[in-house]
Amino acid sequence: MGCYLVTGVAGFIGMSLAKRLLSMGNQVVGIDNLSTGYSDNIPKEVLFFKGGCQDASLYNEIPQVAYEAIFHIAGQSSGEISFDDPVYDLRTNTESTLHLLKFALKINCHRFIYASSMSVYGDFLSGPVTERDAINPKSFYAVGKFASEQYLKLYEQYGIKSTSLRFFNVYGPGQNLANLRQGMVSIYLAQLFSYDKIKVQGDPDRFRDFIYIDDVIAACLLCLSHPEASGKAINIAYGVKTKVTELINKLITISGKQVEVEYSGKTPGDIYGSYANISLAKQILGFNPQYNLDNGLEKMIAWAKSIYRERVAL
Ligand SMILES: NC(=O)c1ccc[n+]([C@@H]2O[C@H](COP(=O)([O-])OP(=O)(O)OC[C@H]3O[C@@H](n4cnc5c(N)ncnc54)[C@H](O)[C@@H]3O)[C@@H](O)[C@H]2O)c1
């Protein structure tokens, strides 16, 4: 038990992590600028500070205590949105990482876990991608994620033991169903429930590797008990290739809603596909994802139905 700093605590992954840490009897200090997250998401036991991680003055406000670890989860998390304002993306994502690393050094916090992304690989069409494969970012967002990973590596020389978790497509209860530019599963699910029509921008044969939120949180926590993960970037995925069309068919079947599906256009910076080799996560972290896409979608759709029922009842 101890105290943890979690950035992005009002967002999908950050709040899920904070809830889990609290349920284990820990204390959580949380940061979020509420750009895409909601204050209602933040568990009430979290000591919350509203601010951008790229803002140097924030680090004078937050407690300078002996954190067991810093989980840097905050970030603008869409490749597409990074094209709107690349300078903002650099500041909000990459500069943020540098400030947090400086803070970690100042307060002698030696464990730093970072929410990186599969987007660093760009397209990888020839089988499951490993951490040894080439980096080929296709968006400003992906460039910034990789730059953050490199800053983490530089800070290893000062004794900050860091791990970059390269999340593939994360989905599950708590994902933002109001933001139609972020998160493939949440976007299609929101369209299915709100508009009775799913509009797919891009090729139906594009593919992804979908990983359920509980498995992602398990991976974050496994880093704490596996110091050998420090200095590494590790794929966090289910390890299965799923085409966009397969995802949509599953959403329709599991939800029981008959909807029209329209395919058109494309999204800037979108990759055609990649899926992960997760041997390193298994070997170093003992990572063993529990939810295949069917099990995970069943849980997420049950949650989404309850949200939409509540809205209709209001
Ligand atoms: N969801 C995925 O599929 C996925 C995949 C790969 C990587 N990631 C990474 O995981 C992290 C969390 O993603 P998410 O899905 O929970 O997104 P999210 O948008 O739900 O959560 C991100 C949170 O960070 C906050 N935030 C953004 N920039 C900030 C800043 N500069 N300072 C303080 N707070 C800031 C937002 O308000 C939000 O609450 C992001 O860094 C994202 O890039 C997510």
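This is a predicted model: local features need pLDDT of at least 70, side-chain atom pairs count only at pLDDT 80 or more; totals for chains, interfaces and linings use all residues.
Residues are numbered from 1 along each chain as its sequence is written, and side-chain values use heavy atoms, with hydrogens and water left out.

- S186 belongs to helix α6, residues 184-194; helices (H or I, at least four residues) and strands (E, at least two) are DSSP runs numbered from the N terminus.
- S186 is buried at 1% relative accessibility, where buried means under 20% relative accessible area, exposed over 50% and partly exposed in between, with a 1.4 Å probe and protein chains only.
- Leaving aside neighbours within four places in sequence, S186 is in contact (heavy atoms within 4.5 Å) with Q175, N176, L177 and M300.
- Q175 and S186 are 11 residues apart along the chain, and their C-alpha atoms are separated by 6.4 Å.
- S82, in helix α3, is buried as well, with a relative accessible area of 0%.
- A polar atom of the S82 side chain lies 2.6 Å from the backbone oxygen of G79.
- Not counting residues up to four places away in sequence, S82 touches Q76, D89, S139, F140 and Y141.

**The sheet**

- An open sheet of 7 strands runs in the order β3-β2-β1-β4-β5-β6-β11, with parallel pairing; two strands pair if DSSP finds at least two bridges between them.
- The edges are β3 (47-50) and β11 (232-236), each with a single partner strand, so one side of each has no neighbour in the sheet.
- From one strand to the next, the twist averages 20 degrees; axes are lines fitted to C-alpha atoms, for helices over the stretch in contact, and angles run from 0 to 180 degrees between N-to-C directions.
- Strands β1 (residues 3-7) and β2 (residues 27-32) run parallel and are joined by 5 bridges.
- T7 has I31 in β2 as its bridge partner.

**Helices on the sheet**

- Helix α1 (residues 12-23) packs on the sheet and touches β1, β2, β4 (69-72) and β6 (161-167); its direction makes about 170 degrees with that of β1.
- Helix α7 (residues 213-225) lies across β1, β4, β5 (111-117), β6 and β11, at about 165 degrees to β6.

**Helix α4**

- Helix α4 (residues 86-106) has 21 residues and reaches 29 Å from its first C-alpha to its last, close to the 30 Å expected at 1.5 Å a residue; the expected span is 1.5 Å times one less than the number of residues.
- At E95, α4 bends by about 30 degrees, the bend being the angle between axes fitted to the seven residues ending there and the seven starting there.
- Among the buried residues of α4 are D89, T92, H99 and F103.
- The buried residues of α4 pack against β1, α2 (58-61), β4, α3 (79-82), β5 and α5 (140-155).

**Positive phi in loops**

- N108 has a positive phi of about 65 degrees although it is not a glycine.
- N108 sits in the loop between α4 and β5 and is exposed, at 54% relative accessibility.
- L34, also not a glycine, has a positive phi of about 55 degrees.
- L34 is in the loop between β2 and β3 and is partly exposed, with a relative accessible area of 27%.

Notes: A polar contact is a pair of N or O atoms within 3.5 Å; within protein, one must be able to donate a hydrogen and the other to accept it, and residues adjacent in sequence count only if both atoms are side-chain atoms.
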